Every structure is written in structure tokens, then in C-alpha cells.
Amino acid sequence: MAKKRPQTKAAAKPQIANGEIPVVGAREPCPCGSGRRYKACHGRAAAHAVTELVQRPFEGLPAECDWVALRELVPAATAELTLKDGLPEDVPSLMLATVLPMAWPALRREDGSVLLALQNDTSSGDLSRDLADTLQRALTTKPGNAVPPRRAPADGPRLQDLIDADAPFEPVVHSGFEFWIPESVETTSAEVTASLERANAAAIPTVKLAGVDAAYWCETPEKNHLRWVMPHPEEELLDALARLQAAGTSSLGEGTRLVGSFRAHGLMVPVWDLPSGMGAEECEKPAAEFAERLTAALAADTPLTGDERRARGGLTNRQVTLS
């Protein structure tokens, strides 16, 4: 009989503390030194964090409704961001942008300023964590370079850990994407120029109302719309809208009507059809008056009537989930 080969123990690899374990490929050996594949070891928690969907990724940030609008509804907009610990000395400014040329996740300009894109695809179920990872890398990227996409560490910080929640968040809506190119830059690459032209051609004219929060007027070839991101719990908001719908007071004036709603990042976005001649300025007063009616409807605590229940069913059937 053949002799059995003597069994030898593999040399023990040094163990790494949990906080120091980097992210590697699922089939690669786990960096902790256990000898198991990453997906069967420390990758389990990472995989769970990546697939777990955070329903309200912007909750806790200033002006959560505007974050949702800029992510899902507004083509071209920017907003200044304030960090809890302030900006590094070599970063003169930090700006959130709806989208950047070439779909870059972030860009550090030649002057050291940073632009963070909000509408990019992300690799996990937590949009806030993905954006925070991109932001941190952008702050240390060499000026004049874009930040490439990557999978964010499962235990990395979220935007809520980095952004000053007490600082104002004031979106500025633009008619186009010229904000991509600083005024001091006279020429730019052909790729960026082509990307700018394509983006401008596809942008829907959009205006943020001044009198109410997170309401955005937009113009389309057939008719105009008002899309209003609201912070109220969905069930309560549906009841309130149903009360107004049944009472015939859910519109914004003659020729307008509440046609349904989006559901985006855990918040509801009611949508009104408007006549093509009704611009953003003409929406200001009707929107403010509707806000008062909605506040009263939200405060009502009586059971819905039959008409109100039917109105609620119609609103529910006309919901579209964006995220």
C-alpha cells in the first residue's frame, strides 16, 4: 500500500482586525487570513450591506425633499454643500450637481474645487453611502481629474455623517449644463463639449417654485407639469389628497388637475397637469393656497367617506415608483 503523505499544517497567517479588512473579489482569499474565500468570510456582511435597500437614503439631510427632486426630477441644478468638519484647505468649494459630463461620479477642477454628481448609478442599496464614498475620494483627488466609480466599502460613512445638517441646502436650477465649465476656462475637450450639447438638447425646462418647498414646474411639448416632493408619511398624505380630490379642491386652478404621483426614495411626489400657457410664476399663488388646504386635510382625523375612499383608490392606482 502506498504510504500516506504526512499532513502538514499551513502556516498560520496573521489575523487582521475587522476595521482594517479591505474589500476584495468574492472568490479571492479573505484578507483576514482565515483561509476562506472573501464571500464566505467577511464578505457576508459586505454583501448584505450592498444588497439591502435603504428606502430613504436622504433622510436626516437638510431639505430631504429637494435631494429627492434633484436626484429624480430636475435635469440641471447645483447646490453648495457644507461639511461638518469644513473643507480641506486646498478645496475652495464643494458643489452638488445633478449630473456631470461623461457621467463622472465626481470631478475635481484645476482650481481644487469639487463637483459631486447625484444622478449616477450606484453599486449598492444605500445611495447615501455610495455618494459619501465618492465625495471622500473627490476631496483628495489630484486637481484636474475625474473620480472613477467603484464599490463603496460596506462600513463606510454616509452623507449624513459628512454633511452639516444645520447648514442651508439651496438648489439653483439651471437652464442648461454650462455650469460644467468654469468661466475662467476658454476651451475644453471635444468630448466634454459634445457631452454638453447632448445634455442641453435633452434637458426639460424646469423651475423651482419660490413660495413652497420642493415644488418644481416643468415644460414639455404637450403640456406643463408641477411635480411636488412632499415630506409627509405616504398613508397620511394619500388620505389628505383623497379628501381634497373628493371635495373638488385638489387642482391648482382652471385647466389643472392632480393626475397621480411618483414614489421616490421613500417620499411621495404628487403631479399636476397644467395648461401649456401656465408658467412657473402663475403656479406660485395656487400652490401656496393648495398648501394651506393640504395642511387642513392632513389635520383631519375623521374616517374617509365613500367618495373619499374611491378617490384614494384612484390616486393609489396612479402611483409610479421611481426608486
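These are my notebook entries on a predicted model, sorted by region.

I started with the open sheet, which has six strands in the order 5-3-4-2-1-6 and mixed pairing. Which strands stand at the edges? I found strand 5 (145-147) and strand 6 (172-173) there, each with a single partner strand, so each has one side left without a neighbour in the sheet.

I then looked at how strand 5 is held. Strand 3 (residues 106-108) pairs with strand 5 over three bridges, in the antiparallel sense.

Helix 3 (residues 127-140) lies across strand 2 (94-97), strand 3, strand 4 (114-117) and strand 5. I wrote down its direction against strand 4 as about 160°.

I went to the loop between strand 2 and strand 3, where Thr 98 sits. Is Thr 98 buried or exposed? Its relative accessible area is 0%, so I put it down as buried. I listed its contacts, leaving aside neighbours within four places in sequence: Leu 70, Val 74, Pro 75, Ala 76, Ala 77, Ala 117, Leu 118, Gln 119 and Phe 177.

Leu 70 sent me to helix 2, where Leu 70 is one of the buried residues. How many residues of helix 2 are buried? I have eight of its nine, so the helix is mostly covered. Besides Leu 70, the buried set has Glu 64, Cys 65, Asp 66, Trp 67, Val 68, Ala 69 and Arg 71. I note that Glu 64, Asp 66 and Arg 71 are among them.

**Two positive phi values**

Most residues other than glycine have a negative phi, and I flagged two that go the other way. Ala 63 has a positive phi, near 60°. I placed Ala 63 in the loop between helix 1 (43-51) and helix 2 (64-72). Its relative accessibility is 33%, so I have Ala 63 as partly exposed.

His 265 is my other entry, with a positive phi of about 50° although it is not a glycine. I found His 265 in the loop between strand 10 (257-264) and strand 11 (267-274). With a relative accessible area of 7%, under the 20% limit, His 265 counts as buried.

I turned to strand 9 (residues 224-228) next. Five of its five residues are buried, so I call strand 9 largely enclosed by the rest of the structure. Which way do its residues point? Asn 224, Leu 226 and Trp 228 go one way, while His 225 and Arg 227 go the other, and all are buried.

I checked the pairing on both counts I had. Strand 8 (residues 215-219) runs antiparallel to strand 9 and is joined to it by five bridges. The two form a hairpin with four residues between them.

I finished with helix 6 (residues 234-247). At what angle does helix 6 pack on helix 8 (residues 306-317)? I have about 120°, with the axes 8 Å apart. The range for roughly perpendicular is 65 to 115 degrees, and so helix 6 and helix 8 are oblique to each other. The crossing is right-handed. On the helix 6 side I listed Glu 235, Leu 238, Asp 239, Leu 241, Ala 242, Arg 243, Gln 245 and Ala 246, and on the helix 8 side Asp 307, Glu 308, Ala 311, Arg 312, Leu 315 and Thr 316. By class I get six nonpolar, two polar and six charged.

Helix 6 packs on helix 7 (residues 280-299) at about 115°, with axes 9 Å apart. This pair is therefore roughly perpendicular, and helix 6 passes helix 7 in a right-handed crossing. From helix 6 I have Glu 236, Leu 237, Ala 240, Leu 241, Arg 243 and Leu 244, meeting Phe 290, Arg 293, Leu 294, Ala 297 and Leu 298 of helix 7. The classes here are eight nonpolar, no polar and three charged. I see Leu 241 and Arg 243 in the helix 7 contact and also in the helix 8 contact.

Note on methods. Residues numbered from 1 in each chain as written. Predicted model: local features only at pLDDT ≥ 70, side-chain atom pairs only at ≥ 80, totals over all residues. Heavy atoms only, no water. Axes fitted to C-alpha atoms, helices over the stretch in contact; angles between N-to-C directions. Parallel < 35°, antiparallel > 145°, perpendicular 65-115°, else oblique. Left-handed = near helix turned anticlockwise from the far one by under 90°. Contact = heavy atoms within 4.5 Å. Nonpolar A, V, L, I, M, F, W, Y, C, P; charged D, E, K, R; others polar. Pairing = 2+ DSSP bridges. Buried < 20%, exposed > 50% of the residue type's maximum accessible area, 1.4 Å probe, protein only.
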